[in-house]
Amino acid sequence: MVQLVAKLVTSMMLVMKMIVIISGYKVGVVNGVSMNYYAVSCPIAEFIVKNTVNRALQADPTLAAALVRMHFHDCFVEGCDGSILIDSTKDNTAEKDSPANLSLRGYEIIDDAKDELEAQCPGVVSCADILAMAARDAVFFAGGPVYDIPKGRKDGRRSKIEDTINLPSPSLNASELIRIFGQHGFSAQELVALSGAHTLGVARCSSFKSRLSPADPNLDSNFAKTLSKTCSAGDDSEQPFDATRNDFDNVYYNALIRKNGVLTSDQTLYASPRTRGTVSAYALNQAMFFFDFQQAIIKMGLLDLKQGSQGEVRDSCRAIN
(Lines give C-alpha, C1' and ligand atoms only; values in the text may rest on other atoms or scores of the structure.)
Protein backbone atom coordinates (compact mmCIF):
# COMPACT_ATOMS: atom_id res chain seq x y z
CA MET A 1 0.00 0.00 0.00
CA VAL A 2 2.82 2.37 0.95
CA GLN A 3 4.58 1.59 -2.33
CA LEU A 4 1.38 2.28 -4.29
CA VAL A 5 0.94 5.66 -2.59
CA ALA A 6 4.58 6.48 -3.25
CA LYS A 7 4.15 5.63 -6.93
CA LEU A 8 1.02 7.78 -7.15
CA VAL A 9 2.80 10.72 -5.52
CA THR A 10 5.75 10.29 -7.89
CA SER A 11 3.40 10.17 -10.89
CA MET A 12 1.61 13.34 -9.74
CA MET A 13 4.94 15.12 -9.31
CA LEU A 14 5.97 14.10 -12.83
CA VAL A 15 2.70 15.45 -14.23
CA MET A 16 3.22 18.74 -12.38
CA LYS A 17 6.77 18.95 -13.73
CA MET A 18 5.46 18.36 -17.24
CA ILE A 19 2.94 21.18 -16.82
CA VAL A 20 5.75 23.45 -15.62
CA ILE A 21 7.85 22.56 -18.66
CA ILE A 22 4.99 22.81 -21.14
CA SER A 23 3.87 26.22 -19.96
CA GLY A 24 7.40 27.55 -20.24
CA TYR A 25 6.65 30.40 -17.86
CA LYS A 26 6.60 28.74 -14.48
CA VAL A 27 10.28 28.90 -13.72
CA GLY A 28 12.45 31.95 -13.26
CA VAL A 29 12.04 35.31 -14.96
CA VAL A 30 11.02 35.67 -18.62
CA ASN A 31 11.29 39.05 -20.35
CA GLY A 32 11.44 40.80 -16.98
CA VAL A 33 8.22 39.23 -15.71
CA SER A 34 7.75 36.47 -13.14
CA MET A 35 4.99 34.63 -11.33
CA ASN A 36 5.94 36.15 -7.96
CA TYR A 37 6.69 39.68 -9.18
CA TYR A 38 4.57 41.34 -6.46
CA ALA A 39 5.34 38.85 -3.67
CA VAL A 40 7.30 41.46 -1.69
CA SER A 41 6.21 44.81 -3.14
CA CYS A 42 2.43 44.17 -3.05
CA PRO A 43 1.56 40.67 -1.82
CA ILE A 44 -2.20 41.39 -1.83
CA ALA A 45 -2.25 42.56 -5.48
CA GLU A 46 -3.85 39.42 -6.89
CA PHE A 47 -6.34 39.20 -4.04
CA ILE A 48 -7.49 42.78 -4.67
CA VAL A 49 -7.88 42.24 -8.42
CA LYS A 50 -9.75 38.95 -7.98
CA ASN A 51 -12.13 40.43 -5.39
CA THR A 52 -12.83 43.44 -7.59
CA VAL A 53 -13.51 41.25 -10.62
CA ASN A 54 -15.71 38.82 -8.68
CA ARG A 55 -17.82 41.65 -7.22
CA ALA A 56 -18.37 43.14 -10.66
CA LEU A 57 -19.19 39.82 -12.34
CA GLN A 58 -21.60 38.78 -9.61
CA ALA A 59 -23.51 41.98 -10.40
CA ASP A 60 -23.17 41.54 -14.19
CA PRO A 61 -21.85 38.19 -15.49
CA THR A 62 -21.70 39.53 -19.07
CA LEU A 63 -18.63 41.54 -18.09
CA ALA A 64 -16.49 38.37 -18.10
CA ALA A 65 -16.52 38.43 -21.91
CA ALA A 66 -15.75 42.15 -21.86
CA LEU A 67 -12.61 41.73 -19.76
CA VAL A 68 -11.22 38.90 -21.88
CA ARG A 69 -11.91 40.88 -25.06
CA MET A 70 -10.28 44.00 -23.63
CA HIS A 71 -7.13 42.01 -22.79
CA PHE A 72 -6.98 40.69 -26.36
CA HIS A 73 -7.50 44.14 -27.87
CA ASP A 74 -4.77 45.52 -25.62
CA CYS A 75 -2.18 42.85 -26.46
CA PHE A 76 -2.70 42.85 -30.23
CA VAL A 77 -2.01 46.61 -30.45
CA GLU A 78 1.42 47.74 -29.22
CA GLY A 79 1.66 44.70 -26.95
CA CYS A 80 0.19 44.06 -23.48
CA ASP A 81 0.86 47.51 -22.11
CA GLY A 82 -2.53 48.85 -20.98
CA SER A 83 -2.71 51.20 -23.98
CA ILE A 84 -6.39 50.30 -24.49
CA LEU A 85 -7.19 51.92 -21.13
CA ILE A 86 -5.94 55.42 -21.98
CA ASP A 87 -8.55 58.13 -22.59
CA SER A 88 -8.38 60.39 -25.62
CA THR A 89 -7.31 64.00 -25.16
CA LYS A 90 -7.78 67.11 -27.29
CA ASP A 91 -4.39 66.38 -28.87
CA ASN A 92 -4.72 62.60 -29.29
CA THR A 93 -7.45 60.12 -30.24
CA ALA A 94 -6.68 56.97 -28.28
CA GLU A 95 -7.20 53.28 -29.14
CA LYS A 96 -10.43 52.99 -27.15
CA ASP A 97 -12.15 55.46 -29.51
CA SER A 98 -11.43 53.38 -32.61
CA PRO A 99 -14.58 51.91 -34.21
CA ALA A 100 -13.18 48.45 -33.43
CA ASN A 101 -13.11 49.29 -29.71
CA LEU A 102 -16.25 51.36 -29.16
CA SER A 103 -18.16 48.34 -27.87
CA LEU A 104 -15.54 47.48 -25.24
CA ARG A 105 -16.82 47.55 -21.65
CA GLY A 106 -15.49 47.02 -18.15
CA TYR A 107 -13.05 49.92 -17.84
CA GLU A 108 -14.55 50.78 -14.45
CA ILE A 109 -13.50 47.36 -13.10
CA ILE A 110 -9.86 48.12 -13.93
CA ASP A 111 -10.25 51.61 -12.41
CA ASP A 112 -11.70 50.20 -9.19
CA ALA A 113 -8.90 47.66 -8.82
CA LYS A 114 -6.28 50.34 -9.55
CA ASP A 115 -7.77 52.71 -6.96
CA GLU A 116 -7.65 50.05 -4.26
CA LEU A 117 -4.13 48.99 -5.22
CA GLU A 118 -2.89 52.58 -5.15
CA ALA A 119 -4.32 52.93 -1.64
CA GLN A 120 -2.49 49.79 -0.50
CA CYS A 121 0.67 49.75 -2.68
CA PRO A 122 1.08 53.17 -4.35
CA GLY A 123 3.02 53.22 -7.62
CA VAL A 124 3.67 49.48 -7.72
CA VAL A 125 1.10 47.53 -9.79
CA SER A 126 0.81 48.38 -13.47
CA CYS A 127 -2.49 48.78 -15.29
CA ALA A 128 -1.29 46.26 -17.90
CA ASP A 129 -0.90 43.66 -15.14
CA ILE A 130 -4.29 44.53 -13.64
CA LEU A 131 -5.96 43.95 -17.01
CA ALA A 132 -4.14 40.64 -17.59
CA MET A 133 -5.05 39.41 -14.10
CA ALA A 134 -8.66 40.59 -14.49
CA ALA A 135 -9.05 38.65 -17.75
CA ARG A 136 -7.64 35.52 -16.10
CA ASP A 137 -9.99 35.90 -13.14
CA ALA A 138 -12.95 36.47 -15.49
CA VAL A 139 -12.22 33.21 -17.31
CA PHE A 140 -12.18 31.31 -14.02
CA PHE A 141 -15.34 33.05 -12.73
CA ALA A 142 -17.17 31.94 -15.89
CA GLY A 143 -16.19 28.31 -15.32
CA GLY A 144 -13.02 28.20 -17.39
CA PRO A 145 -9.55 26.91 -16.52
CA VAL A 146 -7.58 28.22 -13.58
CA TYR A 147 -4.10 29.36 -14.53
CA ASP A 148 -1.38 31.66 -13.25
CA ILE A 149 0.26 34.39 -15.30
CA PRO A 150 3.62 36.12 -15.05
CA LYS A 151 3.45 39.67 -13.71
CA GLY A 152 5.71 42.68 -14.13
CA ARG A 153 4.39 44.28 -17.35
CA LYS A 154 4.97 48.01 -17.63
CA ASP A 155 2.38 50.47 -18.92
CA GLY A 156 2.97 51.95 -22.36
CA ARG A 157 3.09 55.67 -23.15
CA ARG A 158 1.40 55.46 -26.55
CA SER A 159 -2.26 54.96 -27.45
CA LYS A 160 -3.24 56.03 -30.96
CA ILE A 161 -6.36 55.20 -32.95
CA GLU A 162 -4.35 54.43 -36.09
CA ASP A 163 -2.60 51.51 -34.34
CA THR A 164 -5.88 49.59 -34.08
CA ILE A 165 -5.61 48.73 -37.77
CA ASN A 166 -3.69 45.70 -36.43
CA LEU A 167 -6.84 44.21 -34.86
CA PRO A 168 -8.26 41.24 -36.81
CA SER A 169 -11.54 42.00 -38.58
CA PRO A 170 -14.59 39.75 -38.00
CA SER A 171 -14.82 39.29 -41.77
CA LEU A 172 -11.43 37.58 -42.18
CA ASN A 173 -11.12 34.01 -43.46
CA ALA A 174 -8.92 31.32 -41.94
CA SER A 175 -5.92 31.99 -44.20
CA GLU A 176 -5.96 35.67 -43.29
CA LEU A 177 -6.36 34.91 -39.59
CA ILE A 178 -3.52 32.38 -39.68
CA ARG A 179 -1.29 35.00 -41.31
CA ILE A 180 -2.16 37.76 -38.80
CA PHE A 181 -1.85 35.53 -35.74
CA GLY A 182 1.34 34.09 -37.21
CA GLN A 183 2.84 37.58 -37.26
CA HIS A 184 2.43 37.56 -33.47
CA GLY A 185 4.04 34.12 -33.18
CA PHE A 186 0.90 31.99 -32.90
CA SER A 187 0.28 28.69 -34.68
CA ALA A 188 -3.00 27.80 -36.41
CA GLN A 189 -3.87 25.61 -33.43
CA GLU A 190 -3.28 28.52 -31.01
CA LEU A 191 -5.49 30.71 -33.21
CA VAL A 192 -8.34 28.21 -32.79
CA ALA A 193 -7.75 27.98 -29.03
CA LEU A 194 -7.77 31.77 -28.58
CA SER A 195 -10.88 32.07 -30.75
CA GLY A 196 -12.55 29.91 -28.12
CA ALA A 197 -12.81 33.07 -25.99
CA HIS A 198 -15.97 33.55 -28.07
CA THR A 199 -17.50 30.96 -25.79
CA LEU A 200 -18.31 34.14 -23.84
CA GLY A 201 -20.22 37.17 -25.00
CA VAL A 202 -22.08 38.51 -28.02
CA ALA A 203 -21.52 40.03 -31.46
CA ARG A 204 -23.34 43.04 -32.83
CA CYS A 205 -25.36 42.79 -36.03
CA SER A 206 -23.03 45.25 -37.78
CA SER A 207 -20.24 42.65 -37.54
CA PHE A 208 -22.14 39.78 -39.20
CA LYS A 209 -24.96 41.22 -41.33
CA SER A 210 -22.82 40.99 -44.48
CA ARG A 211 -23.17 37.17 -44.21
CA LEU A 212 -26.94 37.36 -44.67
CA SER A 213 -27.18 38.89 -48.13
CA PRO A 214 -25.95 37.27 -50.22
CA ALA A 215 -26.25 34.17 -48.05
CA ASP A 216 -22.98 32.78 -46.74
CA PRO A 217 -22.77 29.12 -47.92
CA ASN A 218 -21.02 28.25 -44.65
CA LEU A 219 -24.02 29.46 -42.62
CA ASP A 220 -26.84 27.10 -41.64
CA SER A 221 -30.07 28.34 -43.24
CA ASN A 222 -32.12 28.13 -40.03
CA PHE A 223 -29.42 29.94 -38.07
CA ALA A 224 -29.34 32.57 -40.82
CA LYS A 225 -33.01 33.26 -39.99
CA THR A 226 -32.06 33.69 -36.33
CA LEU A 227 -29.35 36.20 -37.27
CA SER A 228 -31.75 38.04 -39.59
CA LYS A 229 -34.26 38.33 -36.77
CA THR A 230 -31.56 39.72 -34.50
CA CYS A 231 -30.58 42.29 -37.12
CA SER A 232 -34.18 43.40 -37.57
CA ALA A 233 -33.67 45.37 -34.34
CA GLY A 234 -30.78 47.36 -35.83
CA ASP A 235 -27.01 47.30 -36.22
CA ASP A 236 -26.37 47.42 -32.47
CA SER A 237 -28.58 44.41 -31.70
CA GLU A 238 -26.69 41.54 -30.11
CA GLN A 239 -26.40 37.85 -30.90
CA PRO A 240 -24.70 35.47 -28.40
CA PHE A 241 -21.77 33.54 -29.86
CA ASP A 242 -23.23 30.33 -28.47
CA ALA A 243 -26.12 29.08 -26.33
CA THR A 244 -24.21 29.62 -23.05
CA ARG A 245 -23.00 33.20 -23.41
CA ASN A 246 -21.82 33.58 -19.79
CA ASP A 247 -20.27 30.11 -19.41
CA PHE A 248 -16.71 29.31 -20.42
CA ASP A 249 -17.11 25.92 -22.14
CA ASN A 250 -16.68 24.22 -25.52
CA VAL A 251 -20.23 24.86 -26.78
CA TYR A 252 -18.80 27.47 -29.20
CA TYR A 253 -16.93 24.76 -31.14
CA ASN A 254 -20.01 22.55 -31.36
CA ALA A 255 -21.87 25.52 -32.82
CA LEU A 256 -19.22 25.83 -35.55
CA ILE A 257 -19.70 22.18 -36.51
CA ARG A 258 -23.42 22.89 -36.96
CA LYS A 259 -22.58 25.95 -39.11
CA ASN A 260 -23.92 28.14 -36.34
CA GLY A 261 -20.86 30.37 -36.06
CA VAL A 262 -21.91 34.02 -35.71
CA LEU A 263 -18.97 35.75 -37.39
CA THR A 264 -17.22 34.89 -40.63
CA SER A 265 -14.01 34.69 -38.57
CA ASP A 266 -15.68 32.06 -36.35
CA GLN A 267 -17.23 29.79 -38.99
CA THR A 268 -14.14 29.91 -41.22
CA LEU A 269 -12.28 27.91 -38.57
CA TYR A 270 -14.46 24.89 -39.33
CA ALA A 271 -14.78 25.59 -43.05
CA SER A 272 -11.00 25.56 -43.53
CA PRO A 273 -9.17 22.20 -43.67
CA ARG A 274 -6.21 23.87 -41.90
CA THR A 275 -8.18 24.46 -38.69
CA ARG A 276 -11.18 22.11 -38.89
CA GLY A 277 -9.45 19.26 -37.08
CA THR A 278 -8.67 21.43 -34.06
CA VAL A 279 -12.26 22.71 -33.91
CA SER A 280 -13.53 19.10 -33.98
CA ALA A 281 -11.08 18.06 -31.27
CA TYR A 282 -12.15 20.89 -28.94
CA ALA A 283 -15.82 20.17 -29.61
CA LEU A 284 -15.24 16.61 -28.39
CA ASN A 285 -12.80 17.34 -25.58
CA GLN A 286 -13.37 20.37 -23.37
CA ALA A 287 -10.37 19.55 -21.18
CA MET A 288 -8.10 19.72 -24.23
CA PHE A 289 -9.56 23.10 -25.15
CA PHE A 290 -9.08 24.41 -21.60
CA PHE A 291 -5.45 23.29 -21.51
CA ASP A 292 -4.60 24.72 -24.93
CA PHE A 293 -6.47 27.95 -24.22
CA GLN A 294 -4.59 28.63 -21.02
CA GLN A 295 -1.26 28.03 -22.74
CA ALA A 296 -2.21 30.32 -25.62
CA ILE A 297 -3.54 33.16 -23.46
CA ILE A 298 -0.48 33.05 -21.21
CA LYS A 299 1.62 33.40 -24.37
CA MET A 300 -0.60 36.22 -25.64
CA GLY A 301 -0.16 38.03 -22.34
CA LEU A 302 3.57 38.27 -23.02
CA LEU A 303 3.34 39.99 -26.42
CA ASP A 304 5.71 42.92 -26.93
CA LEU A 305 6.15 43.79 -23.26
CA LYS A 306 7.52 47.19 -22.27
CA GLN A 307 10.43 46.94 -19.86
CA GLY A 308 12.57 49.42 -17.95
CA SER A 309 12.51 52.91 -19.42
CA GLN A 310 10.20 51.75 -22.24
CA GLY A 311 7.27 51.83 -19.84
CA GLU A 312 5.99 53.06 -16.50
CA VAL A 313 3.49 52.30 -13.75
CA ARG A 314 0.65 54.75 -14.34
CA ASP A 315 -0.90 56.67 -11.46
CA SER A 316 -4.23 56.43 -13.29
CA CYS A 317 -4.96 53.77 -15.90
CA ARG A 318 -6.68 56.38 -18.07
CA ALA A 319 -3.70 58.72 -18.51
CA ILE A 320 0.05 58.61 -19.14
CA ASN A 321 2.03 59.93 -16.16
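Because the model is predicted, local features are considered only at a pLDDT of at least 70 and side-chain atom pairs only at pLDDT 80 or more, whereas totals for chains, interfaces and linings use all residues. Residues are numbered from 1 along each chain as its sequence is written, and side-chain values use heavy atoms, with hydrogens and water left out.

According to UniProt, in an unreviewed entry, the annotation "domain: Plant heme peroxidase family profile" covers residues 32-321; UniProt positions are given in the numbering used here, feature names are shortened, and annotations may be inferred rather than shown by experiment. This span is 44% helix and 2% strand, and its end C-alpha atoms lie 21 Å apart. Helices (H or I, at least four residues) and strands (E, at least two) are DSSP runs, numbered from the N terminus.

Helix 3 comprises residues 63-75, which makes 13 residues. From its first C-alpha to its last, helix 3 reaches 19 Å, close to the expected 18 Å at 1.5 Å a residue; the expected span of a helix is 1.5 Å times one less than its number of residues. Helix 3 is largely enclosed by the rest of the structure, because 12 of its 13 residues are buried. Here buried means under 20% relative accessible area, exposed means over 50%, and partly exposed lies in between (1.4 Å probe, protein chains only). Among the buried residues of helix 3 are Leu63, Leu67, His71, His73 and Asp74. The buried residues of this helix pack against helix 2 (45-59), helix 4 (107-120), helix 5 (127-141), helix 6 (174-183) and helix 12 (286-300).

Helix 5, one of these partners, has 15 residues and reaches 20 Å from its first C-alpha to its last, close to the 21 Å expected. Since 13 of its 15 residues are buried, helix 5 is likewise largely enclosed by the rest of the structure. Helix 5 is followed by Gly143, whose phi is positive, near 100°.

His73 is listed by UniProt under "active site" in an unreviewed entry. This residue lies in helix 3 and is buried, with a relative accessible area of 9%. Leaving aside neighbours within four places in sequence, His73 is in contact (heavy atoms within 4.5 Å) with Glu95, Ala100, Asn101, Leu104 and Leu167.

Under "binding site", the unreviewed UniProt entry lists Asp74, Val77, Gly79, Asp81, Ser83 and Glu95. Although these positions are spread over 22 residues of sequence, they cluster in space, with a largest C-alpha distance of 12.5 Å. Gly79 lies in the loop between helix 3 and helix 4 and counts as buried at 0% relative accessibility. Not counting residues up to four places away in sequence, Gly79 touches Asp74, Leu303 and Asp304. Glu95 is also placed in the loop between helix 3 and helix 4, and at 0% relative accessibility Glu95 counts as buried. Beyond its neighbours within four places in sequence, Glu95 is in contact with several residues, including His73, Val77, Ser83, Asn101 and Arg158.

The spaces within the model were examined on a 1 Å grid over the protein atoms alone: a cavity is a set of points where a 1.4 Å probe fits but cannot get out, a pocket is an open set with protein on both sides within 12 Å along at least five of seven lines, and lining residues have an atom within 4 Å of a point. Grid points are joined across faces, edges and corners, and a volume is the space filled by probe spheres set on the points.

The largest pocket has a volume of about 1,100 Å³. Its lining consists of 43 residues, of which Arg69, His73, His198, Phe241 and Leu263 lie nearest its centre. Helix 3 supplies the largest share of this lining, six residues. Helix 6, helix 7 (188-195), strand 1 (202-204), helix 10 and helix 12 each supply at least two residues. By class, the lining of the largest pocket divides into 25 nonpolar, 11 polar and seven charged residues; Ala, Val, Leu, Ile, Met, Phe, Trp, Tyr, Cys and Pro count as nonpolar, Asp, Glu, Lys and Arg as charged, and the others, Gly among them, as polar.

The structure holds one cavity of 30 Å³ or more. The largest cavity has a volume of about 40 Å³ and is lined by His71, Ala132, Tyr147, Ile149, Arg153, Ile297, Ile298 and Gly301. This lining has five nonpolar, two polar and one charged residues.
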